[in-house]
Amino acid sequence: MHRSYIYIIVLLLLPVSLLSQEVSVTAKLDTNKIYVGDQIWYTITVNQPDSLKLGIPAFKDTIISKIDIVSGPESDTSTLNPGKIRIRNRYLITSFDSGYYNIPPVFAEVSDKQGLRRFYSDYNQLEVMRV
């Protein structure tokens with residue numbers, strides 16, 4: 001009896017865990033150290049099934065306070081293999097204030113009959129140095 005409950009729980013959780021393995025979100029900087037006023041690329045990449053409609057937030061003027069967007073997003077979508085695509089958004093960013101900045105994770109989200117699910121990237125650190 002106890003074993004059948006475990007099987008039921010595993011079967012209910014299996015589709016959620018399979019989907020989370022098919023979606024990956026990464027965010028990375030070209031480098032983690034710049035001088036005040038230097039410009040670098042901040043790239044957000046989402047690998048996903050082509051049938052999935054994920055919402056990816058777009059940044060407007062800043063990534064976070066004191067990290068400004070110079071241009072972007074430059075968006076590109078490519079096919080990885082049948083049934084899987086890669087969406088890449090690139091932002092050219094800069095900062096005019098020296099310091100250490102912790103850029104929070106970026107997420108892609110999907111809302112379906114199972115509710116709202118988010119897939120997160122890692123944190124990024126940026127050091128802006130005086131000239």
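R118 lies over the face of F107, at 4.1 Å from the ring centre, where a charge counts as sitting over a ring if NZ of Lys or CZ of Arg is within 6 Å of the ring centre and within 35 degrees of the ring normal. The model is predicted, with local features needing pLDDT of at least 70 and side-chain atom pairs counting only at pLDDT 80 or more, while totals for chains, interfaces and linings use all residues. Residues are numbered from 1 along each chain as its sequence is written, and side-chain values use heavy atoms, with hydrogens and water left out.

**Overall fold**

- Along the sequence, the elements follow the pattern α-β-β-β-β-β-β-β-β-β-β.
- Of the 131 residues, 32% count as buried, which means under 20% relative accessible area, with exposed meaning over 50% and partly exposed in between (1.4 Å probe, protein chains only).
- The accessible surface of the protein chain comes to about 8500 Å², of which 54% belongs to carbon and sulfur atoms; such areas come from the Shrake-Rupley method with a 1.4 Å probe, and for residues only the protein chains shown count as cover.
- Among contacts with a separation of 6 or more, 65% join residues 24 or more positions apart, a contact being heavy atoms within 4.5 Å.

**Nonpolar cores**

- The largest nonpolar core has 17 residues, and those with the most contacts inside it are L29, Y42, I63, I67, I93, I103 and L126; a core is a set of buried Ala, Val, Leu, Ile, Met, Phe, Trp, Tyr and Cys residues joined through side-chain atoms within 4.5 Å.
- Strands β1 (24–29), β3, β4, β5 (67–81), β6, β7 (99–103) and β10 (124–129) each supply at least two residues of this core, and the largest share, three residues, comes from β3.
- Leaving aside neighbours within four places in sequence, L29 is in contact with I40, W41, Y42, I93, I103, N124, Q125 and L126.

**Aromatic rings and charges**

- The whole structure holds three aromatic pairs, in which rings of Phe, Tyr and Trp (its six-membered ring) have centres within 6.5 Å, and planes under 30 degrees apart count as stacked, over 60 as edge-to-face and the rest as tilted.
- The pair of Y42 and F59 is tilted, because the ring centres are 6.5 Å apart and the planes stand at 55°.
- Y42 lies in strand β3 and F59 in the loop between β3 and β4 (62–64), so this pair ties together parts that are 17 residues apart in sequence.
- Y42 is buried at a relative accessible area of 0%, whereas F59, at 21%, counts as partly exposed.
- F59 also pairs edge-to-face with Y91, at 5.5 Å centre to centre and 75° between the planes, and this pair links the loop between β3 and β4 to strand β6 (residues 84–94), 32 residues apart.
- Y91 is buried, with a relative accessible area of 0%, and Y42, F59 and Y91 form one aromatic cluster.
- The charged end of R90 sits over the ring of W41, 3.8 Å from its centre.

**A buried glutamine**

- Q48 lies in strand β3 (residues 39–49) and counts as buried at 2% relative accessibility.
- A polar atom of the Q48 side chain lies 2.7 Å from the backbone oxygen of L52.
- Beyond neighbours within four places in sequence, Q48 is in contact with E22, V23, L54, G83, K84, I85 and I87.

Terms used
Helix = DSSP H or I, 4+ residues; strand = E, 2+ residues; numbered from the N terminus. Polar contact = N/O pair within 3.5 Å; in protein donor to acceptor, adjacent residues only side chain to side chain.
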